[in-house]
Amino acid sequence: MDVIEQARKLGEILQQSDEYIAFQTATRTMEDDAELNEIISQFNLEKVALSQEMQKDDKNQEKVDAHNNKIKDLYAKIMDNANMRAFNSTKEELNRTLSFVNEIILASANGENPYEVTQSTCTGSCGTCGGCH
């Protein structure tokens, strides 16, 4: 049994999973959201304007503050968009699935029984952790 061929089959199975399909759907929906894309464009332009102002020798602190406030407002609008929330949610779910698959593979490579590997509840924040195993 060729490991690489089995990895390719796993890739095919992944692309048929509910998590992957939901993520792809959310991605397309987000990309098709004209209003969201306009806000993202404004956000990017505002970041460029802030960067340009910050690089000036005689930068104007009022302009810097105005750019920062506009960036914060635009970011809040982006993150409040239902399509962006769906995108982020489905991306997190897909990442959790991929992380678990990786845990199984790594544990197997270390000699553990792949059928006994349980999904980690690691949030990525050591503040919520009881300790790594």
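Phe23 and Phe87 are both buried, a class that requires under 20% relative accessible area, with exposed meaning over 50% and partly exposed the range in between (1.4 Å probe, protein chains only). The model is predicted, so local features need pLDDT of at least 70 and side-chain atom pairs count only at pLDDT 80 or more, while totals for chains, interfaces and linings use all residues. Residues are numbered from 1 along each chain as its sequence is written, and side-chain values use heavy atoms, with hydrogens and water left out.

The structure holds two aromatic pairs. Rings of Phe, Tyr and Trp (its six-membered ring) pair if their centres lie within 6.5 Å; planes under 30 degrees apart are stacked, over 60 edge-to-face, and the rest tilted. The ring centres of Phe23 and Phe87 are 5.4 Å apart and their planes stand at 35°, so this pair is tilted. Because Phe23 belongs to helix 2 (residues 18–31) and Phe87 to helix 5 (residues 82–109), the pair ties together parts 64 residues apart in sequence. Helices here are DSSP runs (H or I, at least four residues), numbered from the N terminus.

The pair of Phe43 and Tyr75 is also tilted, because the centres are 6.2 Å apart and the planes at 40°. This pair links distant parts of the chain, with Phe43 in helix 3 (residues 34–55) and Tyr75 in helix 4 (residues 61–80), 32 residues apart. Phe43 counts as buried at 14% relative accessibility, whereas Tyr75 is partly exposed, with a relative accessible area of 45%.

Leu10 lies in helix 1 (residues 3–15) and is partly exposed, at 37% relative accessible area.

Notes
Helix = DSSP H or I, 4+ residues; strand = E, 2+ residues; numbered from the N terminus.
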